[in-house]
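Open the model in your viewer and keep the sequence panel beside it. This tour moves from one selection to the next.

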Amino acid sequence: RCTIYGAPPEIARERHIDPISTPAPPRAVEGCMAGAGLVAHLAVGKYGDHLPANRQSDIFQRSGDALPRQTICDWLLAGAFELKPIVTAMLRAFGSELVVLIDDTPMKCQGKK
């Protein structure tokens, strides 16, 4: 895959400008057209802001972009598999701890202190 840069065709013909092609940047998910930013945006929307895929699809539709619910689900699943090495490393790092604090939200706990 490559990315092609160049002037609009009518200007390129008039000025005899050839397009320039460069290798395409790596994709966040192999075989996926979405970039890392879009996959992250969808994940934050779903898991952080509690927006299900069908609502996110409706939001994209209102802005003129067709992004079917199933595509969003597929990209989220593929993104989750890409994050698996990070999750595994975090579980390994946190696994030996007795208590792990992740935020300041008060929480009642049962058990010995």
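Start by selecting histidine 50, which sits in the loop between helix H2 (36-48) and H3. Keep in mind that this is a predicted model. Check the backbone here: histidine 50 has a positive phi of about 60°, although it is not a glycine. Most residues other than glycine have a negative phi. Is histidine 50 buried or exposed? Its relative accessibility is 60%, so histidine 50 counts as exposed, the cut-off for that class being over 50%.

Now select histidine 16. Look for histidine 16 in the loop between helix H1 (9-15) and strand S2 (20-23). Phi of histidine 16 is near 60°, again a positive value in a residue other than glycine. Histidine 16 has 72% relative accessibility, so it too counts as exposed.

Go on to proline 26. Proline 26 belongs to the loop between S2 and H2. With a relative accessible area of 79%, proline 26 is exposed. How far apart in space are proline 26 and alanine 36? The gap is 9.6 Å, for two residues that are ten residues apart in sequence.

**Where H3 meets H4**

Select residues 53-62 for helix H3, then residues 69-94 for helix H4. At what angle do H3 and H4 pack? The angle is about 120°, and the axes of the two helices are 8 Å apart. The crossing of H3 past H4 is right-handed.

Stay with these helices and pick arginine 69. This residue lies in helix H4. Arginine 69 is partly exposed, with a relative accessible area of 43%.

**The nonpolar patch**

Select Leu83, Ile86, Val87, Met90, Leu91, Phe94, Val100 and Ile102. Together these residues make a nonpolar surface patch of about 790 Å². Zoom in on one of them, valine 87, which has its place in helix H4. Valine 87 has 42% relative accessibility, so it counts as partly exposed.

Key. Residues numbered from 1 in each chain as written. Predicted model: local features only at pLDDT ≥ 70, side-chain atom pairs only at ≥ 80, totals over all residues. Heavy atoms only, no water. Patch = residues over 30% accessible without salt bridge, like charges linked within 9 Å, V, L, I, M, F, W, Y side chains within 5 Å. Areas by Shrake-Rupley, 256 points an atom, 1.4 Å probe, with all protein chains shown as cover. Salt bridge = Lys/Arg side-chain N within 4 Å of Asp/Glu carboxyl O. Helix = DSSP H or I, 4+ residues; strand = E, 2+ residues; numbered from the N terminus. Buried < 20%, exposed > 50% of the residue type's maximum accessible area, 1.4 Å probe, protein only. Axes fitted to C-alpha atoms, helices over the stretch in contact; angles between N-to-C directions. Left-handed = near helix turned anticlockwise from the far one by under 90°.
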